[in-house]
Amino acid sequence: MKVFYKRGISLLLIVASLLCMSIQGYAAENYVLKERSSVKVVQDNNDVLSKRIQEENIRYDYRISEPNENGMCDAALTFEIPEICESIQVRGKLERVTDSEGKAFLMGPLEGTVTIDGIKYQVLVGVTKDLETGKMNAGVSMTASESIDEQIMFAFGDRIDRKVESQEEPEQQDTVRPRAFSTVATTTAVLKNTSKTGVTAYGSYEKSSSRFKVKLKSHIKEVKSYYMGIRTDVKDVAISKYTIGMRRKGTSAYSYIAGMEEVSGKNGSSGVLKSIFSDLLSLAGIPTSTIDSMLGTAKGSITVTQTTTHACVETKVSAGNSVNFDSNQFPVIFQLQRASGTTSAKAQDYDFYASIQYHLTGYIPQKGTVSFYSDTNNATKTVSVTV
């Protein structure tokens, strides 16, 4: 994959910033700040948009809500590229983080979609706002739904210097105690619009208890090596979000997903991920020492979807924290149960799946420290399970 470096593009940036510089002072009111800056397209393999983004006036504005007690803020960003697209809207949550020098920032991914020339693009924007200076920059990743080899990345906004500490973790040995789970299937998925593996999911079944275990493996080292090989500005890679789920298939209902009791009722909760998942991990036979090495003191939030046909756990890792599942894969266990009226064991098809969102920390001379985000496709596999 080639990297296309385009000349700097003069832009009129209309920035909707906020009056106060402290986290407590942010509100919906804003004022307009005008300045001259530049955007640099750093990767566009098919050269689709970079040929058309030339001496154009890109406009953007954003709003940040009053933060809650956990330092989380709702954020919305709109930007437009005249003659290409009128409006790209992304939304999400930003989080207050402090670097090793004590400087405070708001950070996080905003998500949306846009259609250009009949092609739908997923848009991920990594926003970083310096709470001391009020400056903001954004790293944009656009992946086309109809392409397997195009990922367009560019950055705009102010120069921000944020101290980034390497969060490389030492290799850990897999210390999961042997159980009666038998491996059923393994599946992988690539980073969207690339050929690079980004996530692996393992499915195994314990017939005596009708428990199905799905383990997620990350590929942080490989992803970091991949992006550093094609983009000199990438300095670090971490997991931003990960999802594990299971879905029943077919119209016949011989069995169903009885639930994930250990995480039910914790939708949207915040806290230490280790405590949130401690019971669930214990079910998988993972000792405390391994839980410590996998999750450490990382914080985040968890959202649980749970019905008889579909169960899913989505975990967002707090900005500035790190989890690593390269060596110790993260498991979720789904309790299956025979459907009412089914008197003997029967086979039922289920899909199990997993995905990861990676946070790329880059350094661009004109913009300083910039965040990009990159999603994997779903690693999905259909299996036949007898309950």
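Ground rules first. The model is predicted, so local features need pLDDT of at least 70 and side-chain atom pairs count only at pLDDT 80 or more, while totals for chains, interfaces and linings use all residues. Residues are numbered from 1 along each chain as its sequence is written, and side-chain values use heavy atoms, with hydrogens and water left out.

Let's start with the sheet. It is open and has 5 strands, in the order β10-β11-β12-β18-β14, with antiparallel pairing. Strands here are DSSP runs of E with at least two residues, numbered from the N terminus. Two strands pair if DSSP finds at least two bridges between them.

Which strands stand at the edges? They are β10 (182–190) and β14 (255–259). Each has a single partner strand, so one side of each is left without a neighbour in the sheet. Neighbouring strands are turned by 30° against each other on average, direction ignored. That angle is taken between axes, which are lines fitted to C-alpha atoms; in general, angles run from 0 to 180 degrees between N-to-C directions.

Now go strand by strand. β10 and β11 pair over 8 bridges, antiparallel. Threonine 183 stands opposite serine 204 in β11. The hairpin of β10 and β11 has 6 residues between the strands, and asparagine 193 there takes a positive phi near 60°.

Next pair. β11 and β12 also run antiparallel, over 8 bridges. Here threonine 200 faces lysine 217 in β12. Their hairpin has 4 residues between the strands, and serine 210 in the turn has a positive phi of about 55°.

Is β11 mostly covered or mostly open? Mostly covered: 8 of the 10 residues in β11 (residues 197–206) are buried. Buried means under 20% relative accessible area, exposed means over 50%, and partly exposed is in between, with a 1.4 Å probe and protein chains only.

One more step across. β12 (residues 211–218) and β18 (residues 330–338) pair in the antiparallel sense over 6 bridges. Lysine 215 stands opposite proline 331 in β18.

On to the rings. How many aromatic pairs does a search of the whole structure find? The count is 8. Rings of Phe, Tyr and Trp (its six-membered ring) pair if their centres lie within 6.5 Å; planes under 30 degrees apart are stacked, over 60 edge-to-face, the rest tilted.

Take phenylalanine 79 and phenylalanine 156. They form a tilted pair, 5.4 Å centre to centre, with 50° between the planes. Phenylalanine 79 is in β4 (residues 72–81) and phenylalanine 156 in β9 (residues 151–157), 77 residues apart. Phenylalanine 79 is buried, at 0% relative accessibility. Phenylalanine 156 is buried too, at 0%. Ring pairs link Tyr60, Phe79 and Phe156 into a cluster.

Last stop: glutamine 348. Where is it? It sits in strand β19 (residues 347–364). Why does glutamine 348 count as buried? Because its relative accessibility is 3%.

Its side chain makes polar contacts, meaning N or O atoms within 3.5 Å; within protein, one must be able to donate a hydrogen and the other to accept it, and residues adjacent in sequence count only if both atoms are side-chain atoms. The side chain of glutamine 348 reaches the backbone nitrogen of tyrosine 254 at 2.7 Å. The backbone nitrogen of serine 255 lies 3.4 Å from a polar atom of that side chain.
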